[in-house]
Amino acid sequence: MPLTVRGMFGQGLATLFDLERGFFHTVLGLFTRPGQTCREYVEGRRQPLTGPFKYAFILITIYAIAVNLLEVRPNLPGVESPDEIEVKVYYLLNSLLGYLIFFIQIPVAAIQRLLFRSHGDSLGETYAFALYVFGHTAWFSTFFAVTGWLGQIWGPPVLLLVTTAYLAWAMTGFYRLDGRPPVLRAGLMMVVNFVVTNVIALGLGTLIVWLGLL
């Protein structure tokens, strides 16, 4: 079969978004039964799921594109009118930090494994769960960006609550917990994720400005 630009473009998109191997199946599973979907993957029932690394990469890319194309204005705490440099740093960090999730989630997964050590999951299994769940929350972030809610003063706190509730729900299914969902532990994991992410963001932002890259 001769090569065509249209055919190559279509094949590239299909490969990137894993359409033939269950990308939409993974999306549906993580929206309707997140914990069980993650558990199926770590227990070896991986067809037709898209792997956690690739899934997180796709969703983070979608979020980064949405934020930059829509030029979502940052609502920076304590900053009423961010200057041009602060806005540029904000957009750059939003693009970079998303991809740093693959490194950020390693210590986060280690702490989560410690909190649920009685379940006997390995660091790799917990890391897969973290990538799936925190990657999937990019859907929520993208929705808030598209609707303009991310730029509202109440947007980030509400997004944090939604993300925490989703994490608690996912943990309940993943660890097969009966009774109340692990809200406190989910909240703690969100705090850990927030602190690690912002420490890295602060360091990168300071370095970028200090080096005069913007």
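In this predicted model, helix H8 spans residues 138–147. Six of its positions are named here as buried: Ala 138, Phe 140, Ser 141, Thr 142, Phe 144 and Ala 145. Just after H8 comes Gly 148, with a positive phi of about 90°.

Read from the N terminus, the order of elements is α-α-α-α-α-α-α-α-α-α. The chain has 214 residues, and 43% of them count as buried. Contacts between residues at least 6 apart in sequence were also examined. Of these contacts, 71% join residues at least 24 apart.

Helix H9 also meets helix H3. Two packed helices are described by the angle between their axes and the distance between the axes. H3 covers residues 34–42, and H9 covers residues 155–174. Their axes come within 6 Å and cross at roughly 50°. H3 is therefore oblique to H9. The crossing of the two helices is right-handed. On the H3 side, the contact is made by Pro 34, Gly 35, Gln 36, Cys 38, Arg 39 and Val 42. On the H9 side, Tyr 166, Trp 169, Ala 170, Gly 173 and Phe 174 take part. Sorted by class, the contact has seven nonpolar residues, three polar residues and one charged residue.

The loop between H3 and H4 contains Pro 48. A cis peptide bond joins Gln 47 to Pro 48. The omega angle of this bond is about 0°.

Helix H6 runs over residues 101–115 and includes Gln 105. Is the Gln 105 position buried or exposed? Its relative accessibility is 1%, so Gln 105 counts as buried. The cut-off for buried is under 20% relative accessible area. The side chain of Gln 105 forms a polar contact with the side chain of Asn 193, at 2.6 Å. Neighbours within four places in sequence can be set aside. Gln 105 is then in contact with Tyr 127, Ala 130, Leu 131, Phe 134 and Asn 193.

The loop between H9 and H10 holds Arg 176. Phi of Arg 176 is near 55°. This value is positive, and the residue is one other than glycine. Arg 176 has a relative accessible area of 53%. The cut-off for exposed is over 50%, so Arg 176 is exposed.

Helix H10 comprises residues 183–210, and Val 183 lies in this helix. How is Val 183 classed by relative accessible area? With a value of 47%, Val 183 is partly exposed. This class lies between buried, under 20%, and exposed, over 50%. Val 183 and Ala 165 are 18 residues apart along the chain. Their C-alpha atoms are separated by 7.4 Å.

Technical notes
Residues are numbered from 1 along each chain as its sequence is written. This is a predicted model: local features need pLDDT of at least 70, side-chain atom pairs count only at pLDDT 80 or more; totals for chains, interfaces and linings use all residues. Side-chain values use heavy atoms; hydrogens and water are left out. Axes are lines fitted to C-alpha atoms, for helices over the stretch in contact, and angles run from 0 to 180 degrees between N-to-C directions. Helices (H or I, at least four residues) and strands (E, at least two) are DSSP runs, numbered from the N terminus. Angles under 35 degrees count as roughly parallel, over 145 as roughly antiparallel, 65 to 115 as roughly perpendicular and the rest as oblique. A crossing is left-handed if the near helix is turned anticlockwise from the far one by less than a right angle, and right-handed if clockwise. Contact means heavy atoms within 4.5 Å. Ala, Val, Leu, Ile, Met, Phe, Trp, Tyr, Cys and Pro count as nonpolar, Asp, Glu, Lys and Arg as charged, and the others, Gly among them, as polar. Buried means under 20% relative accessible area, exposed over 50%, partly exposed in between (1.4 Å probe, protein chains only). A polar contact is a pair of N or O atoms within 3.5 Å; within protein, one must be able to donate a hydrogen and the other to accept it, and residues adjacent in sequence count only if both atoms are side-chain atoms.
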